[in-house]
Amino acid sequence: MSKKYRGKGLIHLPSRGRGTCPVCKAKRIKLLYEILQDNGGKLTVCKRCRHKKVSI
Ligand SMILES: [Zn+2]
């Protein structure tokens, strides 16, 4: 289970784990981190945004 965010661990993900980050709008970045929103929903964000408090 190590390095699950790298290499072959990403291939099975939609778009191989990449997309546009809903927080910082970076395109084709790896969206690997789930964060909890204030409303209880989950959001998948990039590494730069994983510690941010977000409400979208
Ligand atoms: Zn981001």
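Modeller: Let's start with a term: buried means under 20% relative accessible area, exposed means over 50%, and partly exposed is in between (1.4 Å probe, protein chains only). Bear in mind that this is a predicted model, where local features need pLDDT of at least 70, side-chain atom pairs count only at pLDDT 80 or more, and totals for chains, interfaces and linings use all residues. Residues are numbered from 1 along each chain as its sequence is written, and side-chain values use heavy atoms, with hydrogens and water left out.

Biologist: Okay, why is Cys24 called partly exposed?

Modeller: Its relative accessibility is 29%, and that lies between the 20% and 50% cut-offs, so partly exposed it is.

Biologist: And what makes Cys46 buried?

Modeller: Cys46 comes out at 0%, which is under 20%, so it counts as buried. Cys49 is buried as well.

Biologist: Which atoms coordinate the zinc ion?

Modeller: The SG atoms of Cys21, Cys24, Cys46 and Cys49, at 2.2 to 2.3 Å. Donors are N, O and S atoms within 2.8 Å of the metal (3.2 Å for Na, K and Ca), and since water is not among the atoms, sites may look incomplete. Along the chain, the donors of the zinc ion are spaced as C-x2-C-x21-C-x2-C.

Biologist: Why is the arrangement around the zinc ion called tetrahedral?

Modeller: Four donors count as tetrahedral if all angles lie between 85 and 135 degrees. Here the 4 donor atoms subtend angles of 106 to 113°, so the arrangement passes.

Biologist: How many disulfides are there?

Modeller: The count is 0, taking a disulfide as a pair of cysteine sulfur atoms within 2.5 Å.

Biologist: How do you know that Glu34 and Lys42 form a salt bridge?

Modeller: A salt bridge needs a side-chain nitrogen of Lys or Arg within 4 Å of a carboxyl oxygen of Asp or Glu. The closest N and O atoms of Glu34 and Lys42 are 3.4 Å apart, so the pair qualifies. The structure holds 1 salt bridge. Glu34 is exposed at 55%, and Lys42 is exposed at 58%.

Biologist: What makes up the largest nonpolar core?

Modeller: There are 12 residues, including Leu10, Ile29, Tyr33 and Val45. The label means buried Ala, Val, Leu, Ile, Met, Phe, Trp, Tyr and Cys residues joined through side-chain atoms within 4.5 Å.

How values were computed: Tetrahedral: all angles 85-135°; square planar, octahedral: opposite > 155°, others 65-115°.
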